[in-house]
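Okay, thanks for coming, everyone. Let me put the structure up on the screen and we'll walk through a few spots together.

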Amino acid sequence: MDLGAYRLQAETFVAELGDEYYTHYAGLKDGFDVDAIYARHAGLFSFDAVARLRELAASDGRSPDDARRLRMLLDFAVEGCLGLATTAEAAALAQREAGLRLDVGGTVVGFRESVVAQANEPGRERRAAIEAARLEATERDLNPLHRAALQRTHAVVRELGWPSYRAMCADCKGVDLDALSAATETFLAATDADYDAIVGPAVERVVGVGMARLTRADLPWFFRARDEDASFPAQQLLPAFEATLGGLGLEPAAGGRVLLDVEPRPRKSPRAFCVPVRAPGDVRLVVAPVGGRDDYVALLHEGGHAQHFAHVAPELPFEFRHLGDNAVTEAFAFLFDHLAEDPAWLRRRLGVADDDGTVAAHARASRLVYLRRYAAKLSYELVAHGEDPPGDALLADVYARSLTDALRVAWPTATHLSDMDPGLYVTSYLRAWALETHLRRWLSDRFGAEWFAVPEAGTALRELWRDGQRLSAEELLGSLTGERLDFGVLVADLGLGGGGEEAR
């Protein structure tokens, strides 16, 4: 295998795919022609390419960086191979989702728009009706395709020589899944007793019911927290973002390397997103300001990604600029989006005093819900992707029980197949939350509680960003502080004290 040629073609593929993603979701074109891109580069993802990269990655005598690059290329090839194998199901799902219409009490609501409608619906009965219609459509129209894609994925993984999808992810991504599972189970146990006390008051304020009456249909409204919109005005979104970067000695355009797309377009995605087309020289950040805390979190999060990718050292090889452990870039994104719940940032950038602690309490409750939800999702997905996963009915029951136990809300079975991201991405989010907490503590210790307004903190971040994703989350933290990635910091950050199992 000519690794040099493979890397060049892989970078071309990533750039073409990123450009296509941007032009479609920025509202610049209707079509989303990814099939043609995959077809042009199908050789990257052949069984032979995977086998050869696996053989090379397993060979001895390589430098640590060469070994990292080969494992990253193997992961890239496997994910592409699985994507190619399930293109028919993916295309059918996208088409079916886009065309699905829900009848909610005589009103027609698009399937994809239904979550937004639910989040902005003040009536509990109406929210429940939207949820019921969406779950029915999921079970009837989408789950057969999700099921076929999952079965096909598992079959291809076995054809490639791994005993399970779980084993493949552990091998290709270098994540100790057993240790991570133990750490998140410990986190669930450590936060269990205080869960109602933290989440309950925020639920009562936003939803108007106690925890015993909270339903899954209420959660989008709870997270949306429309009563906080006055604290997060749409007209301040971009100025607050620009001021935040300015305080760190950074700029949104990063010297012309970031395209900041704020133009209104009818078909533009309502959510901010970032696409590193060719890091660090061509990174695209798309924003459609509407208002509300969600918009601030989304822009700060995606802006964190954009700054990370735009400051990667250009001389780094392709793998370190575009591939690697996504827990690293997610941690930098979480570092920025956490500012939307930082009292000091709220005062400095938005003039929000939050004297009664309402905003902070809601943010704390929401974060705990998300953390426990993802910890439960990990437990479920490790079962779903094991060597001998249970049948579909039992798998759905495992999913519903895991989420119900973690969140104290009766969780539906219908989303047990759609609520899984490729590549066990749940592991990236969980490890990123832990790494972000370590990073934030490191910045606060060095530059003070308002590190986000200290140019030297921006300099320190730029130095970290130069390395791209050469190191894993665990390696990055070890090189920075000598610590091990510890989920106990999440427990402490929530104000609960105690420790946690370390994820090695």
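So, Glu 341 is buried, at 13% relative accessible area, where buried means under 20% relative accessible area, exposed over 50%, and partly exposed in between, using a 1.4 Å probe and protein chains only. Quick note before I go on: this is a predicted model, where local features need pLDDT of at least 70, side-chain atom pairs count only at pLDDT 80 or more, and totals for chains, interfaces and linings use all residues. Residues are numbered from 1 along each chain as its sequence is written, and side-chain values use heavy atoms, with hydrogens and water left out.

Back to Glu 341. Which side chain does Glu 341 meet in a salt bridge? That's Arg 367, at 3.5 Å from N to O; a salt bridge here is a side-chain nitrogen of Lys or Arg within 4 Å of a carboxyl oxygen of Asp or Glu. Arg 367 sits in helix α17 (residues 358-384) and Glu 341 in the loop between α15 and α16, so this pair ties together parts 26 residues apart in sequence. Helices, by the way, are DSSP runs of H or I with at least four residues, strands are runs of E with at least two, and both are numbered from the N terminus. Arg 367 is buried as well, at 12%. And salt bridges with shared partners link Arg 293, Glu 341, Arg 367, Glu 436, Arg 440 and Asp 493 into one network.

How many salt bridges does the structure hold? The count is 48. One of them joins Glu 131 and Arg 134, with the closest N and O atoms 3.0 Å apart. These two are 3 residues apart in helix α7, so about one helical turn separates them, and both are buried. Arg 52 and Glu 55 also form one, at 2.8 Å, but here Arg 52 is partly exposed at 30% and Glu 55 is exposed at 52%.

Now, cysteines. The disulfide count is 0, taking a disulfide as a pair of cysteine sulfur atoms within 2.5 Å.

Last stop, strand β5, residues 282-286: 4 of its 5 residues are buried. Strand β3 pairs with β5 in the parallel sense over 4 bridges, while β4 pairs with β5 in the antiparallel sense over 5 bridges; pairing takes at least two DSSP bridges between two strands. A hairpin through 3 residues joins β4 to β5.
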